[in-house]
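Here are my notes on the model, as numbered points. Have a look at the structure first, then read on.

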Amino acid sequence: MISDITLGQFFPGFSLLHKLDPRTKLLGAILFIVAIFMAKTPLAFALLTLFTLVLILVSRISVSVILRGIRPVIYILIFTSLLNIFMTKGAGEPLVAFWIVKIYKEGIIRAIFMTLRVILLIVGSSMLLTYTTSPISLTDGLESLLSPLARIGVPVHIFSMMMTIALRFIPTLVEETDKIMNAQKSRGADFASGSLVRRAKALIPILVPLFVSAFKRAEELAVAMECRCYRVDKKRTKLAKLTFRARDFLTLFVFALFLTGVILVSRMPASLLGGSFVARLLCYRI
Amino acid sequence: MEDKKKTVILAEHLTYVYEDDGGAHNAPPAVSDVSFSVEEGEYIAILGHNGSGKSTLAKLCNMIFTPTEGRLTVLGKEVTAKDFSEEDMFALRADIGMVFQNPDNQLVATVVEEDVAFGPENLGLAREEIRRRVNGALGAVGMEEYARHAPHKLSGGQKQRIAIAGILAMKPKVILFDESTSMLDPLGRAEVVAIMERLNREEGITVIHITHYMDEAARASRVIVMNDGRIAFDGKPSEVFSNVDKLHDLGLEAPQGVELLHELKRAGLSFEGHPLTEQECIEALAKMLGGGANV
């Protein structure tokens, strides 16, 4: 049960997305997110969706995995969609008017595109980051990207070391939680029944030993690290070298082009496409 | 030939008292007035029951603790000297590695080779050199194929081998094993002990192994028995383990075979020499029984 929790959703592989430098993917994800929020017309959204589909194809991650990634946010999506549908006030006549409920065309459109936006956001960023980048290279990439901040006194290295250690110890502590739970269960502890308050209280005998042991581990680890000559204030070298290759520059160029495309398309007047009904629909500003 | 070898650790009247944290006053010293020396290339086992001060002694040697009194010289540098700086300490620590008891609590990184690289990275070595050392160290413990694995998925013995590789990558002259086998299953223990012996024999690394297991201690070239913060015995395993009754007084036992022969001796039988390992004890028994052929 509890050991089923996996951190991140990294799927090892050898696709182009897997091989890219983590910094490229981090920057690409930023560009992609900006593009999502710059998209204003159905045509721009079509472009975004197309681009996301290309990312999925390139990553070679199965569609079922991706759908599983969306599942946890479905309720939030439904809730916000309903809010948008019922709360948005449109300019024209409401489509449905019943008691105090008034549904406008704008509300429905907004709900549809908001949902699309969130889904694209989740799929796109997980495609680029969590699914195709191992936690350790993600940490390395973040440290490298943030390293200019070290010059103004931000302890970038300390944060990345803390992140690495956290990632390292999550499985160990999960395993330990499982052991403690079993130990308490064997003495008759009941975690599954009773009121919410009762169940929360039942967690205390798990949390206390877990914390005690985590502190003990922290101390032992600190001593072990010191014995291996770790010093916060001293410059360290690294085994793994992040190298920007041609493909990284190319990828960033494609992402930048894509962002520009989305912005331009979002501002394009319908007349440019001939001004027909379809053109006006595609360029309808949401 | 013996006197040509360098002394790696020289302890003179070492005493260490844990600072009491508001608890009982005048806590007895964990190590009191201990003097000994370790020569280069020795394979020493330190024995003693819980609280005998054996772990404290190791932590003194590795400069985790600073002696309350006495003089300690490690690899020719006096660490108790007034002008011994933090820089000196870190420089020295690369040469005297320590493998701890809990394999989980000494691995830092989420990938095996990244963890082995941790020490060399701290030393600020060049990337190519780190790569060479990581590969060499993983090879020395037979874990090359696990280089890209996550440490939490390995067995206890494998984790401990990774921890040893992490120390080896710093190219130490001395390795202290602080009860490094006590949390392992018999298979893992055997693996780790085999690595210790090989490092000592082939690489000439001085090994100091703190342990509860008598059969492990019997394989060392020298055994130090600690009791109440003092050295009770210091000698060859055959000498130390011949004092079975005295060991019992200290709450320790000799290896099983030795215990058996001791009981038989008390019953009136006699054996030649000082059999120590299981094999030697079997042979001694067989000889006594007159057969000796098929053992």
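1. The side chain of A:Thr251 reaches the backbone oxygen of A:Arg247, at 2.5 Å. That is a polar contact, meaning N or O atoms within 3.5 Å, where within protein one must be able to donate a hydrogen and the other to accept it, and residues adjacent in sequence count only if both atoms are side-chain atoms. A:Thr251 sits in helix α11 (residues 246-267) of chain A; helices here are DSSP runs of H or I with at least four residues, strands are E runs with at least two, and both are numbered from the N terminus. With a relative accessible area of 13%, A:Thr251 is buried (buried is under 20%, exposed over 50%, partly exposed in between, using a 1.4 Å probe and protein chains only). Not counting residues up to four places away in sequence, A:Thr251 touches A:Leu20 and A:Thr24, where contact means heavy atoms within 4.5 Å.

2. A word on the ground rules: this is a predicted model, where local features need pLDDT of at least 70 and side-chain atom pairs count only at pLDDT 80 or more, while totals for chains, interfaces and linings use all residues. Residues are numbered from 1 along each chain as its sequence is written, chains are lettered from A and ligands numbered from 1 in the order in which they are written, and side-chain values use heavy atoms, leaving out hydrogens and water.

3. Also in helix α11 of chain A is A:Phe253. Is A:Phe253 buried or exposed? Exposed, because its relative accessible area is 53%. A:Phe253 and A:Gly28 are 225 residues apart in sequence, yet their C-alpha atoms are 9.4 Å apart in space.

4. On to the interface: 28 residues of chain A are in contact with 38 residues of chain B. The two chains bury about 3,200 Å² between them, 55% of it on carbon and sulfur atoms; buried area is the accessible area (1.4 Å probe) that two parts lose on being put together, summed over both. A:Arg168, A:Arg228 and A:Leu239 supply 28% of what chain A buries against chain B, more than any other three residues.

5. A:Glu226 forms a salt bridge with B:Arg93, with the closest N and O atoms 3.4 Å apart. On chain A, α8 (156-186) and α10 (204-227) each supply at least two residues of the side that touches chain B.

6. The largest nonpolar core has 56 residues; such a core is a set of buried Ala, Val, Leu, Ile, Met, Phe, Trp, Tyr and Cys residues joined through side-chain atoms within 4.5 Å. Helix α5 (residues 156-168) of chain B gives the most to this core, with 6 residues. B:Ile164 is among the residues with the most contacts inside the core. Leaving aside neighbours within four places in sequence, B:Ile164 is in contact with residues including B:Val99, B:Phe177 and B:Leu199.

7. B:Asp33, in strand β2 (residues 31-39) of chain B, has a positive phi of about 55° although it is not a glycine, and counts as partly exposed at 42% relative accessibility. B:Glu179 has a positive phi of about 50°, again without being a glycine; B:Glu179 lies in the loop between β7 (174-178) and α6 (186-202) of chain B and counts as buried at 9%.

Technical notes:
Salt bridge = Lys/Arg side-chain N within 4 Å of Asp/Glu carboxyl O.
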